[in-house]
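I opened the model to look at helices, their packing and some backbone angles. My entries follow.

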Amino acid sequence: VRDTALFGLVAILLIGTGMIQGWNSDLLILNMGLISAIMALGVNLQWGFAGLFNIGVMGFVALGGLAAVLVSTEPVPEAWQAGVLLTVVAAVQAQKRLEGRTKTIATLVILVGGFFLYRAVFDPGKVAVEAVNPAVSGNLGGLNLPILLSWPVGGLLAAGAAWVIGKTALGLRSDYLAIATLGIAEIIIAVLKNEDWLARGVKNVIGLDRPVPYEIDLQQDPGFVERAASLGLDPVTASTLYTKVGYAILFTIVLLIILWLAQKALNSPWGRMMRAIRDNETAAEAMGKAV
């Protein structure tokens, strides 16, 4: 009953905001709330159920932004011709072709001479890529695929980073886990900010696709303008409301899918293990106080 009352109160506040301050502001608040709810589900699985204080969420968010750039932006052919692709292919082939003792020796050589190899191979390629029309690109670009595909790709990148964090911080609890996850998140953010060749760093990325139509395109559509007029709305207001409602529908669908998956996971053996982590700690503290 309490949860229902709280949700009802939030709904009343949203309706009141729309009536007083305008539905554009109301939908903006709603969309931000839906995004925050999606991020909160991940925190709830770790902190809420297992009591594991993980503050590396912003690193996962940054990887989601990276996925959008790598998936939906257009590729930069000049950047790939600068030698990056050749370097990657050569490294992969070398690992596949070397076997046994030769592979071990080669690995040791690479580790010892890693710094020199980095400066000799990576730096020139990095400079060449960032020099390609740096005002609008200066990076490798993406795959020119629909932006919606970047959402699951971002989830996979975050999952990969979470696996690395889990292996690194295995056995850490409380403040130690918080510090470790914060450090790893800062490393991810620092790499994305400083490696311009990958996703332009802190520079603006132009040409990103959108899962909903652009407002200006809607305003130039005679059919949309006619429908907006029939509702008593001007094209500008109607187009902004249309796009924000579209985003709200997409975010709600993603939220419901993640909520369903979270519930399925919590009812699985893995979920029972997550809850047991906190239960065991609580029981241990209670036994300590009793003694």
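First, the terms for packing: axes are lines fitted to C-alpha atoms, for helices over the stretch in contact, and angles run from 0 to 180 degrees between N-to-C directions. Helices (H or I, at least four residues) and strands (E, at least two) are DSSP runs, numbered from the N terminus. I note that this is a predicted model, where local features need pLDDT of at least 70, side-chain atom pairs count only at pLDDT 80 or more, and totals for chains, interfaces and linings use all residues. Residues are numbered from 1 along each chain as its sequence is written, and side-chain values use heavy atoms, with hydrogens and water left out.

**Entry: α11 against α12**

I looked up how helix α11 (residues 222-230) packs on α12. Their axes are 9 Å apart and cross at about 100°. That makes α11 roughly perpendicular to α12 (the class for 65 to 115 degrees; under 35 is roughly parallel, over 145 roughly antiparallel, the rest oblique). I then listed the contacts, meaning heavy atoms within 4.5 Å. From α11 come Phe224, Val225 and Ala228; from α12 come Pro235, Ala238, Ser239 and Tyr242. By class, six of these residues are nonpolar, one is polar and none is charged. Here Ala, Val, Leu, Ile, Met, Phe, Trp, Tyr, Cys and Pro count as nonpolar, Asp, Glu, Lys and Arg as charged, and the others, Gly among them, as polar.

**Entry: α2**

Does the end-to-end distance of α2 agree or disagree with its 28 residues? At 1.5 Å a residue (times one less than the number of residues), residues 23-50 should span 40 Å, and the end C-alpha atoms are 39 Å apart, which agrees. I also found a kink of about 45° centred on Asn44. The bend is the angle between axes fitted to the seven residues ending at a residue and the seven starting there. Buried means under 20% relative accessible area, exposed over 50%, partly exposed in between (1.4 Å probe, protein chains only). Among the buried residues of α2 are Leu34, Leu41 and Leu45. Just after α2, Gly51 has a positive phi of about 75°.

From Asn44 I went to Ala262, 218 residues apart along the chain; their C-alpha atoms are separated by 9.7 Å. Ala262 sits in α12 (residues 235-266) and is buried, at 9% relative accessible area.

**Entry: positive phi**

Most residues other than glycine have a negative phi. Asn144 has a positive one, about 60°. It lies in the loop between α6 and α7 and is partly exposed at 45%. Arg200 also has a positive phi, about 70°. Its loop runs between α9 and α10, and Arg200 is buried at 6%.
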